[in-house]
Amino acid sequence: MRKKRYKLYLVMSVLVAFGSLGAVLFTGTSPALGLDLKGGISVILTAEGGCPPGDVLAKTVEIIRQRINSLGVAESDVAAAGCENIIVQIPGIQEREKALRLIGTTAQLTFRQVEEVFQASAPDAPEITKQKGDEVAQEEVVYPGSDDPNTLYRLAPAELTGEVVTQAEAVVDPNTGSAWSVQIDMNDEGSKQWAEFTSELACLRDQGETVRNQVAIVLDGKVESAAGMRSPAEAGTEGGVECGSGISGGQTQIDVGDQEEAKDLALVLRAGALPITLVQSQVQEVSPTLGQSSLDAGILAGIIGIGLIFLYVLLYYRALGLVIWLGLAVFTAVMYTILAILGETAGLTLTLAGIAGIIVSVGVTCDSYIVAFERLKDEVRSGKSMRAAVDRGLSRAFRTILVADFVTGAAAVILFFLAVGPVKGFALTLGLATIIDVAIAYFFTRSAVALLAKTRRFTGAGFLGLQEALGAKSS
């Protein structure tokens, strides 16, 4: 009965390991490479004015992460560093300048009434307001036009902010096929405020106001558009805006230049405005050359190390060395499969630190075999026959392996939650390898050695036989 169970465990281990490996290779799935192996950019953003209060920095991190994900960039890393810095690492980025612009754009959106319009060259032209964020939302400001910086607008306090925006989409004018704009949808509260605001402006229009009936859509201290309320008679079939009702439905649009600009603006508006203004303290372009050379050197060192291990265990453990060979192959197949799946589904990236964790884990796996085989030798030296030594020794060896792997796994968990940066990758791969090692020790190693011990061809095969390897007498 036990022999059948060992056969089932052994076959199941090999099929699961190499079957899953074949599946990921067939589908073209592979581990995602991190910044140090794939190249990309690393940016340090610093909050203007020092450390922001409360959880503002954490909220900013989340908004930047959403923007990067909306760009279609996978495997990025956005994390707070200290109380005022945010570190952004984007591997394999193609459009570097676009990414830098979008992750740092504040995207403070406000809707204001136009009070006056000036030319910047006029003697009485007011000074442009330097502040662009929430701190001046309830104050009069002076901002230049986005397309015409020489035109200055004195604007009333904000009636609405970007917080009311629920959806932003880049659309093209069907009549021209070239004029792009961003269509904005507002929430219920925003829709009500928008209707009241545009109704007031329409009433000013009816009173003869030609400037103060305009609504300015302001983005990061620049007036993107300043359109007046057209009457139903002027708008014709488009409806216009009536005094007393305004624009219902909570929709408006921002006219922009081209398709790319419209899509970029829609992207940042969907993700939301940054609650603070950020400046780029450091921008570093990371080349994959150094990482690739380090990876090649690491792989070469690993191949040499594993080759020496294979030679040593074959000479020292004879037929049991073959078990180690196949066991390491099973370990490699399972590890590669898990890393590939997590890279595809969870965005896990493999870095040099993670590769270091894998190399260390190979040593941990080899230690498990050594613990098991040395326990078998101890049982043989105590006078037991080889088969009895295998049955008793493997059971005791597994308990020892379990305790040792628990300590390693606990260290990996502590490192993962307390460490930052590349150390997390090291801890994660080491932790995964520890779990795999326990499973292989239970399902593969015990089954393979137990079945070999019951096979006469391997027990008494001279120099390579188990009897010679364990120093046991023929039973």
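Predicted model: local features only at pLDDT ≥ 70, side-chain atom pairs only at ≥ 80, totals over all residues.
A search of the whole structure returns two disulfides.

Cys 51 is located in the loop between strand E2 (40–47) and helix H3 (56–70), and Cys 83 in the loop between strand E3 (77–81) and strand E4 (85–91), so the bond ties together parts that are 32 residues apart in sequence. Cys 51 is partly exposed at a relative accessible area of 43%; Cys 83 is likewise partly exposed, at 43%.

A disulfide also joins Cys 203 to Cys 243, with S to S at 1.8 Å. The torsion about this S-S bond is about 85°, and the disulfide is therefore right-handed. Cys 203 belongs to helix H5 (residues 188–206), whereas Cys 243 lies in the loop between helix H6 (232–235) and strand E13 (251–255), so that parts 40 residues apart in sequence are tied together. Cys 243 is partly exposed, with a relative accessible area of 38%. Cys 366, with a relative accessible area of 9%, is buried.

Helix packing was examined for H1 (residues 2–26) and H9 (residues 319–345), whose axes come within 9 Å and cross at roughly 40°. This angle makes H1 oblique to H9. The crossing of H1 past H9 is left-handed. Contacting residues of H1 include Ser 13, Phe 18 and Leu 25, and those of H9 include Leu 326, Tyr 336 and Ile 341. The residues of this contact comprise 12 nonpolar, three polar and no charged.

Conventions
Residues numbered from 1 in each chain as written. Heavy atoms only, no water. Axes fitted to C-alpha atoms, helices over the stretch in contact; angles between N-to-C directions. Helix = DSSP H or I, 4+ residues; strand = E, 2+ residues; numbered from the N terminus. Parallel < 35°, antiparallel > 145°, perpendicular 65-115°, else oblique. Left-handed = near helix turned anticlockwise from the far one by under 90°. Contact = heavy atoms within 4.5 Å. Nonpolar A, V, L, I, M, F, W, Y, C, P; charged D, E, K, R; others polar. Disulfide = S-S within 2.5 Å. Buried < 20%, exposed > 50% of the residue type's maximum accessible area, 1.4 Å probe, protein only.
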